[in-house]
Amino acid sequence: MVEQTIWLAPKAISFTAVCAECADEHGFFAARVEGRLELERAHSSTTCGRGHPIRIERANREPIGVLAC
Ligand SMILES: [Zn+2]
């Protein structure tokens with residue numbers, strides 16, 4: 001299983017991303033993952049609704065947006 005990482009912009013608190021494994025199996029619209037990362041935290045982790053692990057990392061500088069890979 002490939003571990004996924006979502007990079008958040010420096011000032012982002014909440015995010016919506018797509019679990020790539022769910023997208024493969026169930027389609028893009030079934031793969032949404034939502035979460036939060038408080039500003040004082042640099043990283044976290046979560047799981048999608050089907051239990052795939054996803055790492056959350058805060059990027060140090062602009063601009064980056066939200067990427068899933
Ligand atoms: Zn998933």
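Q: Which residues is Ile54 in contact with, leaving aside its neighbours within four places in sequence?
A: Those are Gln4, Ile6, Cys19, Val33, Ser45, Thr46, Thr47 and Cys48. Contact here is C-beta atoms, placed from the backbone, within 7 Å. Bear in mind that this is a predicted model, where local features need pLDDT of at least 70, side-chain atom pairs count only at pLDDT 80 or more, and totals for chains, interfaces and linings use all residues. Numbering starts from 1 along each chain as its sequence is written.

Q: OK, is Ile54 buried or exposed?
A: Ile54 is buried, because 20 other C-beta atoms lie within 10 Å. The cut-offs are 20 or more such atoms for buried, 12 or fewer for exposed, and partly exposed in between.

Q: And where does Ile54 lie?
A: In strand β5. Strands are DSSP E runs of at least two residues and helices are H or I runs of at least four, numbered from the N terminus.

Q: What does β5 pair with?
A: β1 runs parallel to β5, with five bridges joining them. Strand β4 (residues 43-47) is also joined to β5 by five bridges, but those two run antiparallel. Pairing takes at least two DSSP bridges between the strands.

Q: What's between β4 and β5?
A: Five residues, and the two strands form a hairpin. Gly51 in the turn has a positive phi of about 90 degrees.

Q: Back to β1: which residues are on its covered face?
A: Gln4, Ile6 and Leu8, while Thr5 and Trp7 make up the uncovered one. In a regular strand the side chains alternate between the two faces of the sheet.

Q: Which residues make up the largest nonpolar core?
A: There are 10: Ile6, Leu8, Ala17, Cys19, Cys22, Ala31, Val33, Cys48, Ile54 and Ile56. β1 (4-8) and β5 (53-58) are the elements that give two or more residues to this core. A nonpolar core means buried Ala, Val, Leu, Ile, Met, Phe, Trp, Tyr and Cys residues joined through C-beta atoms within 7 Å.

Q: Zooming out, what's the pattern along the sequence?
A: β-β-α-β-β-β-β, so one helix and six strands by the DSSP-run definition.

Q: How much of the chain counts as buried?
A: 17% of the 69 residues.

Note on methods:
Two residues are in contact if their C-beta atoms, placed from the backbone, lie within 7 Å.
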